[in-house]
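Work through the exercises below with the sequence and the model open. Each task is followed by its solution in steps.

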Amino acid sequence: MATTVITKNDLALCGGQPTVTLPAPKWPVVGEQEVKWMEDVVRSGKWSWLGPHEQAFCEEYARFIGTKYCIGMANGTVTLQCALQAVGVEPGHEVIVPGLTWVATAQAAMDIGADVVLVDIDRETMCIDPKAFEAAITPRTKAVIPVHLYGCMCDMDAVMEIARKHNLKVVEDVAHQQGSRWRDQGAGGIGDAGSYSFQQSKVLTSGEGGAVTCNDEKVYETAFCLKQVGWMPNVKEPGRRYGHNYRITEMQCVLLRAGLQRLPEQTRLREENVRYISDSLQAMGGPLRAARRDPRVTRQAYYTLTLHFDPAQAQGVTRDSYMAALQAEKAPFGGTYAPVYRNPLLNLYDRTSPVPFRDASRVQDYATLRLPETERAVTETGVLLSHTHLLGSREYIDQLLAAVAKVNAGLDAVRANAVAKKA
Ligand SMILES: Cc1ncc(COP(=O)(O)O)c(C=O)c1O
């Protein structure tokens, strides 16, 4: 527990010296391997369409996740579309999606004509609540998308048990957690298909990009056709199946192959730093703590560290005022996404959107929907620390913790400042 009392003038929020003076770790990390490969690719003239780096990456990534198949794609939204269609989702089916995720998870289902049913999240993990998932199942439900969100995995034992009981398909959204493992099974290799984003902010990145993993040959073939203008794998002619151009380039695959070589060590370092942060916060006391790690998670890849702010221990300081005080100390703790049902894209009556063309009588009323645990996490309790900071040195992490200790010791001053600002 911090002993010194921090007054208003000490807080960086009110003009005091910020606690964190070391620079934040840089992201993305770049090595010599991809620079060399990139030059070779540029000179080779083979830039797209199932080139050698794409084929090598898909083999390496499938091995890393522990699946039979991997298909590289343009981003982590079209991967969800293809994965959903490949497991059998058709227009008019319902797809169950957690109320807290990036909007693309819901959009992907909506864009293929499915009706999105949003359900609440688990208080500790901020991932889909299995009980809420089961309660939302109807005769029209075809699939669920458990999103391994931020720094916690979904309870995949419960999700798989419910899905199998009700004969539903499971498409894991692993945009945040390349390399997480549940009982030593790779996230994205547990359900019927896995979907990954390699967008700039992700722990494995090529600027933009994505992949689908699966074990079933039919799922693989359908997803492959959907990405590759209807071509079947290993058949060098247009097929009779439907498909788009959702291809990934050789340049992207060069970045991914090199990033994949670094990923296990980065994940190990993040796990070590998270252990240290969690233990230090617990010893410190105060309103902020790290989410508890489920012992069934055998490796946790972190898009962010998931933390919880407890208003009952904050002496009247709100989560937002607390985060503002930390940010002023240059400790970059942030909030969550907005609930999916508040995203304007779900209710946008624009000619280019699928919204005006769906059957309103069959779609959940997103405008009035309020999911209590989602609301609570988004507005009162959810706090995140990005994976880039989890690659910091021990000195850097100690400065972040010192910022938390300082704000904890200055809660009275933070509250007074918020009250003064409001007046
Ligand atoms: C949980 C989740 N799913 C899907 C996506 C979509 O990925 P992309 O931006 O590559 O289309 C994202 C992107 O941030 C995401 O966070």
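This is a predicted model: local features need pLDDT of at least 70, side-chain atom pairs count only at pLDDT 80 or more; totals for chains, interfaces and linings use all residues.

Residues are numbered from 1 along each chain as its sequence is written.

**Exercise 1.** Describe how helix α3 packs on helix α4.

Step 1. Locate the helices, which are DSSP runs of H or I with at least four residues, numbered from the N terminus: α3 covers residues 78-86 and α4 covers residues 103-111.

Step 2. Take the axes, lines fitted to C-alpha atoms over the stretch in contact, with angles from 0 to 180 degrees between N-to-C directions. They come within 8 Å and cross at roughly 50°.

Step 3. Classify the angle: under 35 degrees is roughly parallel, over 145 roughly antiparallel, 65 to 115 roughly perpendicular and the rest oblique. The pair α3 and α4 is therefore oblique.

Step 4. List the contacts (C-beta atoms, placed from the backbone, within 7 Å). L80, Q81 and L84 of α3 meet A104, T105, A108, A109 and D111 of α4. By class, this contact has five nonpolar, two polar and one charged residues. Here Ala, Val, Leu, Ile, Met, Phe, Trp, Tyr, Cys and Pro count as nonpolar, Asp, Glu, Lys and Arg as charged, and the others, Gly among them, as polar.

**Exercise 2.** Classify the angle between α1 and α8.

Step 1. The axes of α1 (residues 32-44) and α8 come within 9 Å and cross at roughly 160°.

Step 2. The two helices are therefore roughly antiparallel.

Step 3. On α1, the residues Q33, E34, W37, M38 and V41 meet E250, M251, V254, L255 and A258 on α8. Seven nonpolar, one polar and two charged residues make up the contact.

**Exercise 3.** How many residues of domain 1 are in contact with domain 2?

Step 1. An automatic or database domain assignment supplies the bounds: domain 1 is 8-24 + 263-336 + 375-422, and domain 2 is 32-258.

Step 2. Their C-alpha centres lie 31 Å apart.

Step 3. The contact involves 23 residues of domain 1 and 22 residues of domain 2. On the domain 1 side, the classes are ten nonpolar, nine polar and four charged.

**Exercise 4.** Which residues come nearest to the ligand?

Step 1. The shell holds 14 residues, each with its C-beta atom, placed from the backbone, within 6 Å of the molecule.

Step 2. Those that come nearest are G76, T77, W102, A175 and S197.

Step 3. The shell divides into four nonpolar, nine polar and one charged.

How values were computed:
Two residues are in contact if their C-beta atoms, placed from the backbone, lie within 7 Å.
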